[in-house]
Amino acid sequence: MGMNIQETIASPLVWHPQTAAEAWQLKQTYDIEAVYTSGGTLLRTQWESGISAMPQHLIDLSAIRGLNELRVGEAGLVVGGQTSLQSCRSNALLSRHFPMVTEAIRTIAAPSVRQLATIGGNVASSIGDSIAALLGYDAEVIWFDGTREHRALLSEWLHEASAAKRGNERLLLSVLLPFEESLGETPVSNGAEDLTSQMKRFGAYHKVGRREAFTPSVVTACINGVLTCSNVIKQIRIALGGGQTVPVRLEGLEKEISGADVDGQLLRHVYDRTIELFEPREDLFASAAYRKSTAANLIVSELWKAAKDNTKQL
Ligand SMILES: Cc1cc2nc3c(=O)[nH]c(=O)nc-3n(C[C@H](O)[C@H](O)[C@H](O)COP(=O)(O)OP(=O)(O)OC[C@H]3O[C@@H](n4cnc5c(N)ncnc54)[C@H](O)[C@@H]3O)c2cc1C
């Protein structure tokens with residue numbers, strides 16, 4: 001087991017486990033006196049602002065082997081939880097296949113913080129700004145229960161974490177992004193029938209903050225879908241978050257609009273249902289009502305834009 005260093009009397013003991021099993025064991029041993037730490041950037045702000053007290057034991061996860069890289073696995077792109085946001089941001093595979101995740105990471109903090117901050121910490125916090133974009137790609141998480149690794153949909157993992165009494169205490173290892181199904185080559189069209197079978201992927205991620213840049217989010221929104229060339233929704237994912245809200249997918253709305261034509265009536269429905277279904281937390285900076293209408297406007301305008309661009313290309 002790694003060395004523990006007590007830097008000053010007031011500082012916590014910092015443990016440096018080499019394996020997930022050791023990290024998990026330390027958490028069992030010290031329980032509520034211990035906290036997992038990755039980059040420590042969010043934890044530090046929480047201690048400094050008094051949101052949480054500095055714990056007696058810090059379990060530093062950065063020495064666990066194999067968690068600080070991106071690699072192509074059988075089920076998709078595996079992003080090790082200890083990968084820094086800066087490495088994620090400059091990774092070509094991530095930006096080629098999951099551009100909205102790269103975009104979301106671009107909007108987080110500033111370069112100096114992104115060098116230390118990790119994707120695992122962003123996700124494990126349950127409120128990180130990368131989460132809505134990850135949900136937009138049906139991301140999964142790989143976590144460790146002390147004996148073995150588990151795979152779970154990120155959306156379910158977040159839901160369980162917010163329902164758990166003591167918050168999220170599971171050890172997150174990696175984030176898994178399944179590659180999107182290829183829509184294939186655009187077929188050569190001979191007539192109207194062929195044209196209507198053509199598909200177009202669209203997507204967008206937005207972070208609305210209190211200022212233009214380097215600011216906490218008020219709303220994060222991700223939309224990712226496929227339209228036929230006659231603007232029928234073939235596939236759609238809508239994810240919303242921001243501020244202290246644990247991001248969610250609007251699965252009820254996604255089901256309602258799958259197979260529907262994008263027209264004025266549909267856009268009104270999307271607006272109304274987003275307001276109904278999204279339950280953001282309010283704080284001093286923005287009311288729930290403001291967050292709801294901002295989210296609904298973002299989703300509706302992206303859907304409208306996708307349909308308009310699609311029609312232009314005919
Ligand atoms: C100036 C500044 C600006 C910021 N701006 C933004 C912003 O715009 N958007 C944003 O989303 N965040 C922002 N942050 C917060 C933070 O930097 C990011 O959320 C970052 O990604 C957290 O990662 P970390 O590795 O530093 O996490 P840590 O601080 O190490 O951990 C975060 C939380 O997750 C837990 N944890 C960490 N790793 C694991 C794991 N593997 N398994 C289980 N639990 C774990 C920790 O116990 C802690 O509760 C900002 C921070 C600063 C200081």
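This is a predicted model: local features need pLDDT of at least 70, side-chain atom pairs count only at pLDDT 80 or more; totals for chains, interfaces and linings use all residues.
Is aspartate 31 buried, partly exposed or exposed? Aspartate 31 has 35% relative accessibility, so it counts as partly exposed. You'll find aspartate 31 in the loop between helix H1 (20-30) and E3. Now check the backbone: phi is positive at about 50°, and aspartate 31 is not a glycine. Most residues other than glycine have a negative phi.

**Stop two: the ligand**

Next, select the ligand and the residues around it. The shell holds 30 residues, and the closest are Tyr36, Ser38, Gly39, Thr41 and Thr118. Zoom in on a few polar pairs:

- Tyrosine 36: a polar backbone atom sits 2.6 Å from an oxygen atom of the ligand.
- Serine 38: here a polar side-chain atom is 2.7 Å from a nitrogen atom of the ligand.
- Leucine 172: a backbone N or O atom is 2.9 Å from a nitrogen atom of the ligand.

Taken on its own, the ligand has 980 Å² of accessible area, and the protein covers 86% of that.

Now colour by secondary structure. Strand E3 (34-37), helix H2 (41-48), H7 and E9 each bring at least two residues to the shell around the ligand. H2 gives the most, with four residues.

**Stop three: the domains**

Zoom out and colour the chain by its domain assignment: domain 1 is 5-60, domain 2 is 70-177 and domain 3 is 199-312. The contact takes 21 residues from domain 2 and 20 residues from domain 3.

Show nonpolar side chains next. In soluble globular proteins, such side chains tend to be buried together. The largest nonpolar core here has 34 residues, and Leu94, Val123, Leu154 and Leu177 have the most contacts inside it. Several elements supply at least two residues of this core each, among them strand E6 (76-80), helix H3 (85-89), helix H5 (99-106) and helix H9 (154-163). The largest share, five residues, comes from H8. Domain 2 and domain 3 both contribute residues, so this core lies between them.

What does leucine 154 touch, not counting residues up to four places away in sequence? Its partners are Val123, Ile131, Leu134, Leu135, Ala139, Glu140 and Val141.

There is also a second, separate core of 27 residues, which includes Leu250, Leu267, Ala295 and Val300.

**Stop five: aspartate 138**

Go to the loop between H8 and E7, where you'll find aspartate 138. Aspartate 138 isn't a glycine, yet its phi is positive, at about 60°. Its relative accessibility is 28%, so aspartate 138 counts as partly exposed.

**Last stop: glutamate 149**

Finally, select glutamate 149, which lies in strand E8 (residues 149-153). Buried or exposed? Glutamate 149 comes out at 51% relative accessibility; exposed is over 50%, so this residue counts as exposed. Leave aside neighbours within four places in sequence, and glutamate 149 is in contact with Ile142, Trp143, Phe144 and Leu173.

How values were computed:
Residues are numbered from 1 along each chain as its sequence is written. Side-chain values use heavy atoms; hydrogens and water are left out. A nonpolar core is a set of buried Ala, Val, Leu, Ile, Met, Phe, Trp, Tyr and Cys residues joined through side-chain atoms within 4.5 Å. Buried means under 20% relative accessible area, exposed over 50%, partly exposed in between (1.4 Å probe, protein chains only). Domain bounds come from an automatic or database domain assignment. Contact means heavy atoms within 4.5 Å. A residue is near a molecule or strand if one of its heavy atoms lies within 4 Å of it. A polar contact is a pair of N or O atoms within 3.5 Å; within protein, one must be able to donate a hydrogen and the other to accept it, and residues adjacent in sequence count only if both atoms are side-chain atoms. Accessible areas come from the Shrake-Rupley method with a 1.4 Å probe; for residues, only the protein chains shown count as cover.
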